[in-house]
Amino acid sequence: MSKAFTTESTGDDDDVIPADLIIPSGSKNYITPHGWQRLKNELYQLVTKERPELTHLINWAASNGDRSENADYQYGKRRLREIDRRIRFLTKRLEIAEVVDPCTRENTDQVFFSATVSYEREDGHSETISIVGVDETDLTLNHISWTAPVARALLKAREGDVVLLRTPTGVEELEVTQIRYIEIVRPE
């Protein structure tokens, strides 16, 4: 088959959102102020710096002649599709984001979005997690999405409550020991 009759993927079929970033149907895209700013900064970087530099490189590579064997051109076009896909994703996420600031939250003794919760497992092991938006999840920092099973089990619990966490190995009891609403920051 001649190369003249082949088409490049537009990338639209690649706009599939990974399962861990899916927001439950009918729910809002809750996000902390720091998380929202991080997404906004990434979008700004892509639109104002990376994409223009890459289009300049692609134009230069295209001017070199035969594009079918031009690695700079082919890689550049592929990377441009990735950047455009990420720009579309970030734009959509920021449009539907509902920013929840834990520092301005009215006092409550219950676990809600943006809470930092300490709890004790059945084996006596203590853990502290911060409940954040799906786009802010970082297990190394114990930032857990509000859609994660442990966060869902803890929602609406109070200090001293024992909640049930359903795991693949069975049901585990978690005792809530502390609830705080503090600024949740991810180190850069």
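Q: Which order do the strands of the open sheet have, and what is their pairing?
A: In this predicted model, five strands form an open sheet in the order E5-E4-E3-E7-E6, and the pairing is mixed.

Q: Which strands stand at the edges of the sheet, and why is one side of each left without a neighbour?
A: The edge strands are E5 (143-145) and E6 (162-167); each has a single partner strand, so one side of each lacks a neighbour in the sheet. Ignoring direction, neighbouring strands here are turned by 45° against each other on average.

Q: How do side chains lie in a regular strand?
A: They alternate between the two faces of the sheet.

Q: How many bridges join E3 to E4, and which residue partners Thr116?
A: Strand E3 (residues 116-121) and strand E4 (residues 126-132) run antiparallel and are joined by five bridges. Thr116 has Ser130 of E4 as its bridge partner.

Q: What pairs with strand E7?
A: E7 (residues 170-180) pairs with E3 in the antiparallel sense over six bridges, and Val117 is bridged to Ile179 in E7. E6 also pairs with E7 in the antiparallel sense, over six bridges; there, Leu165 has Glu172 as its partner. A hairpin of two residues links E6 to E7.

Q: How do helices H1 and H2 pack, by angle and by axes?
A: Angles over 145 degrees count as roughly antiparallel. H1 (residues 33-62) and H2 (residues 71-96) pack at about 155°, with axes 9 Å apart, and are therefore roughly antiparallel to each other. Their crossing is left-handed. The contact of H1 with H2 has 16 nonpolar, three polar and nine charged residues.

Conventions. Residues numbered from 1 in each chain as written. Predicted model: local features only at pLDDT ≥ 70, side-chain atom pairs only at ≥ 80, totals over all residues. Heavy atoms only, no water. Axes fitted to C-alpha atoms, helices over the stretch in contact; angles between N-to-C directions. Helix = DSSP H or I, 4+ residues; strand = E, 2+ residues; numbered from the N terminus. Parallel < 35°, antiparallel > 145°, perpendicular 65-115°, else oblique. Left-handed = near helix turned anticlockwise from the far one by under 90°. Nonpolar A, V, L, I, M, F, W, Y, C, P; charged D, E, K, R; others polar. Pairing = 2+ DSSP bridges.
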